[in-house]
Every structure is written in C-alpha cells, then in structure tokens.
Amino acid sequence: MTSNRHNDDVVLDAARDCVLAYGVRRTTLTDVARRAGVSRMTIYRRWPDVRTLVADLMTREWVRVVSELDLSDPVRAVVAGVRGLRAHPLWRKIVEADPELLLPYLLDRRGASHEAVLEVLEPVAGGPRKARAVLLVAQSFLLSAPTMLDPVTMDELDAELAALLEAYLG
C-alpha cells in the first residue's frame, strides 16, 4: 500500500510540475509519465485523463494548505487559508491559464477539496450549516477579491473577511 501512495505522490508531483510549466490544457498524460519516470499505463490505471489527475492534484494541494492551519482561532485560520490558497503556485497558474477548471466546483458540485475543508470547518464553526456559510464566504474572497482591489488593498479586504467571520462566528 505504501508503494502505491508513493507512486501516486510521484505522479502527482510530476503533474504539478507539468501544469506549472505548461498549464492544464497543454499537459498530457505522456508528459506526466515521462516526468514521473513511469509508464503511461501506470498512470492510466489510476487516472483515465488529465482532468481527473489534476482534480486529485488540486485536492492534495488544497488539503495540504488547510492541514497546516492553526484551528485554535477559526477566524484567523480561515483568513490564513484564503491567503495560502491565493498565493499557492498551482492555484495561481490555474486561475491565470485554465480558470474554467474551477467552474464545476463553483456552479455544479462540491469536490473532494470542499468535503475535506468542510470536515475541518464543521467542528470549529459550529456545525454543518455555519461551516458551509463560512466556506462560501471564504471562497468568494479567494476567487473574487482581486476584482475588488483599488482603492483598497488585498490586506484590507482580508481584514474585512476577518471582521465578517468574527461577527458571524463570535
């Protein structure tokens, strides 16, 4: 089992490198296999296409950001999580080059990353309803804050996010 997990990490690392270099649309499973030093069949056994592979990569990367947060102060943790994701190289590349990848997770369905974040938020936010509201607010600041700059700064918007969450979560 460990070798499968290690193999997955090698492939996901290679996929991350390819996406950062080329963007999602220009990344192929052949590129990933070559960079990972594995056969294409090794990748096809686990991921049928690049989109599925990138979805798993995004989940791994976003969950890593969330898992590093200090949840003793939920407001500070959420703001730090938004900042961490906003600064993440993979997030930045996807938003810059392939933003359409995010649409299904905004309009149609929750992804594995949403589920993982909700699992972390529910106990500290006060249950499922509040966790979902907090996630929606945080997601809007993650995605749309850059459109609201000038005359305010990102730091000022993040302070407003903290104020909103403080008022909501107490």
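In what order do the elements of the chain run from the N terminus on? They run α-α-α-α-α-α-α-α-α-α.

**Figure 1. Overall view of the predicted model.** The chain contains 10 helices and 0 strands. Its C-alpha trace spans about 55 × 40 × 25 Å along the principal axes. Of the 170 residues in the chain, 39% are buried. Among contacts between residues at least 6 apart in sequence, 60% join residues at least 24 apart.

**Figure 2. Close-up of the largest nonpolar core, which has 46 residues.** V32 and L53 have the most contacts inside this core. Two or more residues are given to the core by each of α1 (2–22), α2 (29–36), α4 (50–67), α5 (74–87), α6 (89–97), α8 (112–125), α9 and α10. The largest share, 8 residues, comes from α4. In soluble globular proteins, nonpolar side chains tend to be buried together.

**Figure 3. Close-up of the surroundings of V32.** Leaving aside residues up to four places away in sequence, V32 touches V11, A14, A15, C18, T27, I43 and L53.

**Figure 4. Close-up of the cis peptide bond between D150 and P151.** The omega angle of this bond is about 20 degrees. P151 is found in the loop between α9 (128–144) and α10 (154–169), and D150 lies in the loop between these helices. D150 is not a glycine, yet has a positive phi of about 70 degrees. Most residues other than glycine have a negative phi, and most peptide bonds are trans. D150 has a relative accessible area of 71% and is therefore classed as exposed, the cut-off being over 50%.

**Figure 5. View of the surface and charged side chains.** The chain exposes about 9,800 Å², of which carbon and sulfur atoms supply 55%. There are 22 positive and 24 negative side chains, and the centres of the two sets lie 6 Å apart.

Terms used:
Residues numbered from 1 in each chain as written. Predicted model: local features only at pLDDT ≥ 70, side-chain atom pairs only at ≥ 80, totals over all residues. Heavy atoms only, no water. Helix = DSSP H or I, 4+ residues; strand = E, 2+ residues; numbered from the N terminus. Buried < 20%, exposed > 50% of the residue type's maximum accessible area, 1.4 Å probe, protein only. Core = buried A, V, L, I, M, F, W, Y, C linked by side-chain atoms within 4.5 Å. Contact = heavy atoms within 4.5 Å. Areas by Shrake-Rupley, 256 points an atom, 1.4 Å probe, with all protein chains shown as cover. Lys, Arg positive; Asp, Glu negative; His and termini not counted. Charge placed at Lys NZ, Arg CZ, Asp CG, Glu CD.
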